[in-house]
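Here is a short note on the ligand site. Keep the model open as you read.

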Amino acid sequence: MDCIFCKIVAGQIPATLLGETEHSIAFKDISPRQPIHILVVPKTHHSNVADLAFEDPTGLVDLVQLGSKLAAEYSTGSFRLSFNTGIEAGQSVFHAHGHITSNTPKNQ
Ligand code: 5GP
Ligand code: ZN
């Protein structure tokens, strides 16, 4: 399957990795829209967060936990976790992923 996030999970495309669990990885968004912009991604392929919720609920909880830990590490604690779902909603990569964004980085 020609999926850019599957390739990042497999190490075939470089990314700035920030964290990893058994089920999920986290890396910097290549085109950050906030001072902190981290993507949290399941290691297995699901088209969007709704599919992930039904197909691997444990993986979704793991992804939220990893994102929350990184948000606590890199921000003052105020952050947004968003999942664009569907083309018209702005989804451009059809491998489920959450955006952790924050305007309030730690130590600034
Ligand atoms: P979506 O638009 O699907 O909600 O989010 C996809 C995100 O993936 C975008 O914010 C985009 O900047 C990011 N992205 C797309 N390709 C790459 C890539 O090759 N590496 C990284 N690190 N981020 C990517
Ligand atoms: Zn994929």
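1. Ligand 1 sits in the largest pocket. A pocket is an open set of points on a 1 Å grid over the protein atoms alone, where a 1.4 Å probe fits and protein lies on both sides within 12 Å along at least five of seven lines. "Sits in" means that more than half of the molecule's atoms lie within 2 Å of the grid points.

2. The model is predicted: local features need pLDDT of at least 70, side-chain atom pairs need 80 or more, and totals for chains, interfaces and linings use all residues. Residues are numbered from 1 along each chain, chains are lettered from A and ligands numbered from 1 in written order, and side-chain values use heavy atoms, without hydrogens or water.

3. The shell around ligand 1 has 17 residues (a heavy atom within 4 Å). Lys28, Asp29, Asn84, Ser92 and His99 are the closest. H1 gives three residues, the largest share.

4. Look at the polar contacts (N or O pairs within 3.5 Å). A polar side-chain atom of Asn84 is 2.8 Å from a ligand 1 oxygen. For Ser92, a backbone N or O atom lies 2.7 Å from an oxygen of ligand 1. The His97 side chain places an N or O atom 2.9 Å from a ligand 1 oxygen.

Methods:
Polar contact = N/O pair within 3.5 Å; in protein donor to acceptor, adjacent residues only side chain to side chain. 1 Å grid on protein atoms, 1.4 Å probe; cavity = no way out; pocket = protein on both sides within 12 Å on 5 of 7 lines; lining within 4 Å. Helix = DSSP H or I, 4+ residues; strand = E, 2+ residues; numbered from the N terminus.
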